[in-house]
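Please work through each task before reading its solution.

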Amino acid sequence: MRYLLILCLLVSGILYSQNPTLADDYFEKGEYKKALIEYQKLHAESTSNITYINKIISTHQQLEQYDEAEGFIVKLMERINYPAFLVELGYNYQLNNNPDKASEYYQLAISKIDEKASHVFGISRSFQNHALLDQAVIAFEKAANLNPNYNFSVQLAQIYGEQGNMEKMFHSYINFAESNPRVIRDVKRALNDFITEDSSNENNILFRKILLKKMQEEPNILWNELLSWLFIQQKDYKKAFTQEKAIYKRQPENLNRIEEVALMASNDNENEIAREIFNFIIDTSQDAETKLEAHKNVIDIDIKESSKTNYNTIKLKFEDLLKEFGNTPETIELQIAYAHFLAFYLNETQDAINFLETSLKLPLASIEKAQIKLELGDILVLQEQFNKALIYYTQIQRNLKNSTISQMARFKVAKASYYKGDFKWAESQLKILKASTSQLIANDALDLKLLITDNKYEDSLQTALKLYAKADLLSFQNRNQEAISLLDKILDEHKTEPIVAQALYKQAQLFEMNLEFEKAKANYEVIIENYREGILIDDANFHLAEIYEKQLDLPKKAKALYEQIIFNHADSIYYVEARKRFRALRGDAIN
């Protein structure tokens with residue numbers, strides 16, 4: 001009997017705990033009579049629970065029981081001093097086609113703020129819940145005037161944004177940032193919904209004008225920081241640099257912010273302004289490490305822009321820097337970059353290996369030794385000395401277990417095995433890497449594993465897959481034209497095999513590297529036309545859209561392809577960027 005009683009109590013407890021869910025479920029389904037009964041039960045158990053109170057009012061209104069809702073609210077007001085109920089009563093009159101009575105109660109609710117400024121929180125929330133934004137603004141502004149300690153800038157900014165009052169919204173966010181500089185990141189995040197890459201966008205122009213006026217009225221580095229942020233959104237790095245220099249002049253603590261602008265410009269291939277900013281850092285910084293990093297970034301730009309005829313000049317730049325800063329543990333990254341340049345651009349592989357072997361003799365931390373060995377392994381792969389490369393990669397795995405660089409070394413083991421046609425061993429390594437803590441490594445591992453798995457069974461000799469792996473190796477060796485020709489062979493001789501889509505995609509990427517955009521376009525179009533269900537469809541759509549947008553100046557065609565990704569490939573890695581670019585091309589003011 002005792003156990004039966006316990007069971008009954010447990011069951012009743014479970015049923016009771018389910019009541020809110022049950023009531024909400026009825027409400028969502030539109031079964032308002034059933035929902036009302038459940039909410040009334042819940043209210044009886046907890047008479048001050050505002051959630052249940054609001055649900056009962058809302059359910060009465062859904063049933064058009066306005067008199068019952070009014071009676072319920074009036075009884076509540078007799079028992080509880082909560083001025084927000086006046087808003088609820090007013091809204092009930094509004095639903096019942098009595099706007100004059102509704103306005104009367106709205107005004108009465110707002111007047112209660114005079115009695116106690118803190119009443120604004122409940123009152124404004126009720127106004128906002130019913131999209132009564134004008135009244136919510138009046139309530140916030142009244143409370144702020146009564147109590148200067150209140151700061152409703154964010155709440156007001158959000159309402160102004162909903163109303164489409166951009167000027168007031170911008171002012172409110174700016175005021176909030178000015179009153180509390182620590183929230184600047186949150187403010188930028190909120191503003192990002194209203195700013196686009198288009199400098200001629202109305203919101204961008206308005207925001208810039210407000211900041212410039214602020215700057216004239218009262219100098220403050222906050223205005224420089226927000227202007228810099230605006231120019232960065234517009235990818236106008238030269239203007240952003242001007243603002244960052246002004247900030248640095250007033251607060252010469254470090255050059256990190258200026259360096260960030262330079263790196264963004266470089267990543268967007270705005271090489272001229274990136275070089276200018278890095279040279280400014282070189283001329284300005286008193287810190288050797290910062291100077292060296294800027295020098296290295298300038299060389300990276302030189303390499304990106306140069307042809308083979310300029311490679312010796314770049315080599316001399318490396319050597320001058322190594323003379324200036326020395327072959328020390330502090331310049332390991334420069335040393336690795338120099339060796340990489342020797343091997344992959346000048347084909348001086350043995351000199352590169354000898355140089356790095358000398359670097360290994362320096363008193364280095366384990367991670368620095370691993371970085372050198374990783375580069376040594378890559379150079380040996382370049383020479384197609386796969387077994388020697390595997391020795392270096394394996395040493396890294398053994399010495400730095402479970403680290404990111406160890407996982408990278410394992411991926412390179414898999415890649416080297418794949419290059420030499422040992423697909424089984426490559427797969428075994430890639431299976432482990434699918435769970436890598438580095439998302440980039442995990443994604444790369446998954447892509448390579450899918451490539452091998454999808455193509456190894458089609459042909460017992462794996463002829464096409466071996467050709468593709470060889471083309472991939474040629475690409476790694478900077479022998480792009482040879483890689484393109486080998487991929488042509490796959491496309492000619494293995495037309496019915498699944499690797500064709502991958503070959504088209506790889507070849508398109510190589511065409512882009514060679515600036516042959518029409519050829520790349522043709523490949524992407526074939527993938528889109530013939531391999532709609534394949535895993536490369538979102539890649540092809542995105543890269544073709546980029547060509548239309550950035551190379552061929554065909555924004556309408558680009559927009560259509562970005563739209564394809566948004567609506568048909570929501571799980572794509574390109575989804576966020578595609579949505580951003582689609583809305584920019586469409587001219588949206590809001591993301």
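**Exercise 1.** With which residue does Asp472 form a salt bridge, and how far apart are the closest N and O atoms?

*Solution.* The model is predicted, with local features requiring pLDDT of at least 70 and side-chain atom pairs pLDDT 80 or more, while totals for chains, interfaces and linings use all residues. Residues are numbered from 1 along each chain as its sequence is written, and side-chain values use heavy atoms, without hydrogens and water.

Step 1. A salt bridge requires a side-chain nitrogen of Lys or Arg within 4 Å of a carboxyl oxygen of Asp or Glu. The partner of Asp472 is Lys506, with the closest N and O atoms 3.1 Å apart.

Step 2. The pair links distant parts of the chain, 34 residues apart: Asp472 lies in helix α26 (residues 463-476) and Lys506 in helix α28 (residues 499-513). Helices are DSSP runs (H or I, at least four residues), numbered from the N terminus.

**Exercise 2.** Determine whether Asp472 is buried or exposed.

*Solution.* Step 1. Buried means under 20% relative accessible area, exposed over 50%, and partly exposed in between (1.4 Å probe, protein chains only).

Step 1. Asp472 counts as buried because its relative accessibility is 10%; Lys506, at 14%, is likewise buried.

**Exercise 3.** Identify the residues with the most contacts inside the largest nonpolar core.

*Solution.* Step 1. Such a core is a set of buried Ala, Val, Leu, Ile, Met, Phe, Trp, Tyr and Cys residues joined through side-chain atoms within 4.5 Å.

Step 1. The largest has 102 residues, and Phe318 and Tyr418 have the most contacts inside it. Helix α19 (residues 332-344) gives the most to this core, 10 residues.

Step 2. Tyr418 touches several residues (heavy atoms within 4.5 Å), including Phe423, Tyr468 and Asp472.

Terms used. Helices (H or I, at least four residues) and strands (E, at least two) are DSSP runs, numbered from the N terminus. Lists of a residue's contacts leave out its neighbours within four places in sequence.
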